[in-house]
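Student: Could you take me through how a sheet and a helix pair are read, one feature at a time?

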Amino acid sequence: MTRLLASPRVQLVLRLLLGAFFVYASLDKIASPAGFARIVYQWQVAGPLPSNLAAVTLPWLELVAGLLLVIGVWRREAALVIALLLVVFLVAAGSVLARGIDVTNCGCFSVAKEAADSGWPPAWTKGVGWFLVVRNLLLLAAALSLAFVKPRAGERRGLPAAEQAGFTPASE
Amino acid sequence: MLPFFDMPVDWRRFILILAGAVALGFAWNAASGRGIALGQSVLSQAGDELVKAPDAKALLDKGALFLDARPRDFWKLSRIPGSLSLPEEDFDRAFQEVEPRLRRAGTIVVYCSGYGCDASHVVARKLREKGIAAAILDEGLPAWQDAQLPLDSQARP
């Protein structure tokens, strides 16, 4: 598993997917701070004023970290920022689920007010529920592996086979 | 240390990303024209008059009329004592039922289920359009219950 995650190709794909996911997720929230603030407030994790602060800053953290991942600059640190966001989202979702609060639109992508149920995407993908928790755990695993798994140097830099097998250079 | 997990994370960059994004967020909120007022609930608008639960109780004791903006079934189950049902979703019809009482009432306070619920704000604004001033119970029923204030939970038909 770690061998797979250390493959530069796998890391590239994970990086682009995770980055694009978060850039996309940020756009509607940035376009509509009031709509997003209302949704943060509905999670009942924070009062009205902390909810406002979260609504103003969270989407920009998603956008900046997502863009850095996509363009490949400061990618470990960007992946770590995304991991931090996901931990915050997971703790908040756990709190919502534990208290039995019904949040029908998690505000993950769209902040639109409840429209008539269109059938697609299904409601269980939009609310705060187990789908959200499992998805965020998978994203967290991807973000942590990008932050902390060292890409196999050999494939990229043509280092000797001994180093590909796990011997790291003394300097670095 | 495992050779795989060498953690070459530069924490200064990490902090810079956090700080930069937060600064961008505040700048966008201030300059984009789409921003929100950070110092008040996003549900509030200019002209809304909010009243805290203990103050609302004092108004109730002085004979203020309370309006329940939640769907009527919730009002039937439990409500602030003496409150009338004026659901946001059925405002026009319900307003006709209670209009005479509203016109006679001195102080009016509207509430709903708090947090993300903006029904009380919407109802108070609609009343304002009709020339009736109404305050909004800040944070709604949860704040009322947190303050250990009484509810009437006898079922209504």
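Tutor: Strands of a sheet pair through backbone hydrogen bonds, either parallel or antiparallel. In this predicted model, chain B has an open sheet of five strands in the order β1-β5-β4-β2-β3, with parallel pairing (strands are DSSP runs of E, at least two residues, numbered from the N terminus; two strands pair if DSSP finds at least two bridges between them).

Student: Which strands stand at the edges?

Tutor: β1 (50–51) and β3 (84–85) of chain B do, each with a single partner strand, so one side of each lacks a neighbour in the sheet. β1(B) pairs with β5 (residues 135–137) of chain B in the parallel sense over two bridges, and B:L50 stands opposite B:I136 in β5(B).

Student: What about numbering and confidence?

Tutor: Residues are numbered from 1 along each chain as its sequence is written, while chains are lettered from A and ligands numbered from 1 in the order in which they are written. Local features need pLDDT of at least 70 and side-chain atom pairs count only at pLDDT 80 or more, whereas totals for chains, interfaces and linings use all residues.

Student: At what angle do helix α5 and helix α6 of chain A pack?

Tutor: Two packed helices are described by the angle between their axes and the distance between the axes. Helix α5 (residues 75–99) and helix α6 (residues 130–148) of chain A pack at about 155°, with axes 8 Å apart (axes are lines fitted to C-alpha atoms over the stretch in contact, and angles run from 0 to 180 degrees between N-to-C directions; helices are DSSP runs of H or I, at least four residues). That makes α5(A) roughly antiparallel to α6(A) (angles over 145 degrees).

Definitions and conventions: Angles under 35 degrees count as roughly parallel, over 145 as roughly antiparallel, 65 to 115 as roughly perpendicular and the rest as oblique.
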